[in-house]
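I opened the notebook to record what I looked up in this structure.

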Amino acid sequence: MDPLLKQTQKDVAKHYARKIDLAGLAELEAIDKKIERHYNNGTLSAEDFGKLSVRTMEEICRYPEHQEANQWGELD
């Protein structure tokens, strides 16, 4: 693999890991879409995509608004 691409993937993963720690609910939903775009474009490795995606979903599930919406089937 190209060393520049590998470094880019690492940088993108670190960037979004920090953003997840600081984000609110709306930002987490946007981050989830952005990391998927980075994965599809090849600027995020499959391993890091999986880790960040799971972490984002775990954080989203901590918000009471999300839990209430999910309870009433609003997220289906």
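My entries follow, one topic at a time.

**Entry 1: the model**

I noted at the start that this is a predicted model.

**Entry 2: surface charge**

I looked for like charges on the surface. Which residues gather in a patch of positive charge there? I found Lys6, Lys10, Lys14 and Arg18. I then took up Arg18. Arg18 sits in helix H1, which covers residues 3–22. Its relative accessibility is 53%. Exposed means over 50%, so Arg18 counts as exposed.

**Entry 3: salt bridges, the count**

Side chains of opposite charge can pair when their charged atoms come close. How many salt bridges does a search of the whole structure find? I got 3. I went through them in turn.

**Entry 4: Asp21 and Arg55**

I found the side chains of Asp21 and Arg55 joined in a salt bridge, at 2.2 Å from N to O. Asp21 belongs to helix H1 and Arg55 to helix H3 (residues 46–61), so this pair ties together parts that lie 34 residues apart in sequence. I checked both partners for exposure. Asp21 has a relative accessible area of 55% and is exposed. Arg55 has 26% and is partly exposed.

**Entry 5: Lys51 and Glu47**

I moved on to helix H3. The side chains of Lys51 and Glu47 form a salt bridge there, with 3.1 Å from N to O. Why are the two separated by about one helical turn? Lys51 and Glu47 are 4 residues apart in helix H3, which means a spacing of about one helical turn. Lys51 is exposed, and Glu47 is too.

**Entry 6: Arg62 and Glu59**

I listed Arg62 with Glu59 next. Their side chains meet in a salt bridge at 3.5 Å, N to O. Is Arg62 buried or exposed? Arg62 counts as exposed, because its relative accessibility is 59%. Glu59 comes to 25% and counts as partly exposed.

I also looked up where Arg62 lies. Arg62 is in the loop between H3 and helix H4 (64–71). I then took a C-alpha separation from this loop residue. Arg62 and Leu25 are 37 residues apart along the chain, and their C-alpha atoms are separated by 9.1 Å.

**Entry 7: aromatic rings**

I searched for ring pairs. The count came to 1 aromatic pair. Tyr39 and Phe49 make up this pair, and I logged the arrangement as stacked. The centres are 4.6 Å apart, with 15 degrees between the planes. Stacked requires planes under 30 degrees apart. Tyr39 is in helix H2 (residues 25–41) and Phe49 is in helix H3, so the pair ties together parts 10 residues apart in sequence. Tyr39 counts as partly exposed, at 34% relative accessibility.

**Entry 8: the loop at Ala23**

Where is the place of Ala23? I found Ala23 in the loop between H1 and H2. The relative accessible area of Ala23 is 14%. Buried means under 20%, so Ala23 is buried. I took one more C-alpha separation here. Ala23 and Glu59 are 36 residues apart along the chain, and their C-alpha atoms are separated by 9.0 Å.

**Entry 9: recap**

Asp21 in H1 pairs with Arg55 in H3. Tyr39 in H2 pairs with Phe49 in H3.

Conventions
Residues numbered from 1 in each chain as written. Predicted model: local features only at pLDDT ≥ 70, side-chain atom pairs only at ≥ 80, totals over all residues. Heavy atoms only, no water. Patch = residues over 30% accessible without salt bridge, like charges linked within 9 Å, V, L, I, M, F, W, Y side chains within 5 Å. Areas by Shrake-Rupley, 256 points an atom, 1.4 Å probe, with all protein chains shown as cover. Salt bridge = Lys/Arg side-chain N within 4 Å of Asp/Glu carboxyl O. Lys, Arg positive; Asp, Glu negative; His and termini not counted. Charge placed at Lys NZ, Arg CZ, Asp CG, Glu CD. Buried < 20%, exposed > 50% of the residue type's maximum accessible area, 1.4 Å probe, protein only. Phe/Tyr/Trp six-rings, centres within 6.5 Å; stacked < 30°, edge-to-face > 60°.
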